[in-house]
Amino acid sequence: MVMTPDEHFMCAICRGWVKKAAMAAVSSLTRVTARPSVTRLLSVWARRASGGGRKAPFTPTEASSRTLELLGKSYPLDAHSNVRETILAKVGRSLHNQRQHPLWLIKERVKDHFFRQYRNRPRTPLFSVYDDLCPVVTTQQNFDSLLIPTDHPCRKRDDNYYINRTHMLRSHTSAHQSDLIHAGLDAFLVVGDVYRRDSIDSLHYPVFHQLEGVRLFSGHELFANIQDGGDLQLFEQSCRTAHKQETHTMEAVKLVEFDLKQTLSKLITHLFGDRLEIRWVDCYFPFTHPSFEMEINFQGKWIEVLGCGVMEQQLLNSAGASEKIGWAFGLGLERLAMILYNIPDIRLFWSENEEFLEQFRVPDINENIQFQPLSKYPPLINDISFWLPSGTFTVNDFYDLVRTIGEEIVEKVDLIDQYEHPNADAALGLLLSAHSGGQNSWRKEYRSCNSMRHLYGSKPDLVSEIIARWLHFL
């Protein structure tokens, strides 16, 4: 029997191919009252597809009257809220704390290195570790405490997951930096899940894991091993240059920079061995100066693995450590694990497939593991074209939409063509009523991470049709 497109569309919903697993996970972790469920929205929109008027899934007024309960706390939602249920389903998973998970192995190897290498005089570990801090932070913690300007692009709603105008899912573990320094800590590591709206490919995922390191020095600590260093100072009033801040002496900056690079070079050597080629690249971060990225030569390619730098003194002053100078670094656990264990696709870290997890159940965290691929099937390719609304729809909105509907079977999304009509308002006004802007063509590649599942044409076709129907209501 040949089904109509509407029957295909409703069939996909009834069979639970849209949000079934993610909705179950969300219901056990959170109670979301801000937006109708995706399944309900699709059902409503399917009924309206035959001729009913279009209506936005929820209005700002409706959002402002709803709340989100997450990790035992309640948050009011407003027009700035943009976090989806597929993302909320990941909150609390804490892959870095699941024993024998590859991210846990990487975390434990880094911890072990720092505990062994850096000790206080009583022979206790110099660095303390915090790996269970709440991922919900304020915008003040995530941006203001790190001196990120109010007009900086990294604050954009298009790039972050906001719960409301004042709270968000942290976009980096640096959000906890100021609080921990204010608590009196001089050396610490922070590990946690972070959230960013991002592209869809084998290296990017909207939830990943970072490890942050901070170390502060007093003048006595920094100059203790310097011959005739009694007259050296941490601070001076001068001009900011490419090599130092206006409040730091050149001697202090060079010693901090040397300690930072030596610390990180030892860490990477501990993880990958001493045959790895490393280089440092100057870069810019709002919260460090000078700033650097470390790149490693892996399989003939230079790959960036971490960012670091001398902490902005204004940040330390605000956190109550005005008499000290320090360094900070941040690295992605997934990036290190993919290189170290030869894992080709970032989606695999979220797999609950025993064939994947079993490969990392080893008695020694330092054991050499080479991942064995699960899926032997080629990807299925599907193209879609649509008109973009002018000024109201971003690339990351499309990525979020694809991830919400396609979930783990979407391996990659590429923009393969783009077209803007010279008289877009008039031409598209005829085509899509109030819509205006340009047309984009996207190529989606589908492939399951599960070795036992081959994606026949029906499921990707249905997912693509649902995406197309959803776009129809923009």
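Me: Which residues form one aromatic cluster here?
Reply: Phe-114, Tyr-118, Phe-127, Trp-327 and Phe-329 do. Bear in mind that this is a predicted model, where local features need pLDDT of at least 70, side-chain atom pairs count only at pLDDT 80 or more, and totals for chains, interfaces and linings use all residues. Residues are numbered from 1 along each chain as its sequence is written, and side-chain values use heavy atoms, leaving out hydrogens and water.

Me: How many aromatic pairs turn up in the whole structure?
Reply: Eleven. Rings of Phe, Tyr and Trp (its six-membered ring) pair if their centres lie within 6.5 Å; planes under 30 degrees apart are stacked, over 60 edge-to-face, and the rest tilted.

Me: Why is the pair of Phe-114 and Phe-127 called edge-to-face?
Reply: Their centres are 4.9 Å apart and their planes sit at 70°, so edge-to-face it is.

Me: And what makes the pair of Trp-327 and Phe-329 tilted?
Reply: The centres are 6.0 Å apart and the planes are at 35°, so this pair counts as tilted.

Me: How do you know that Phe-114 is buried?
Reply: Buried means under 20% relative accessible area, with exposed over 50% and partly exposed in between (1.4 Å probe, protein chains only). Phe-114 has 0%, so it's buried. Trp-327, at 1%, is buried too.

Me: What makes Arg-279 lie over the face of Trp-302?
Reply: A charge sits over a ring if NZ of Lys or CZ of Arg is within 6 Å of the ring centre and within 35 degrees of the ring normal. Arg-279 lies over the face of Trp-302 at 4.2 Å from the ring centre. Lys-90 lies over the face of Trp-350, at 5.4 Å from the ring centre.
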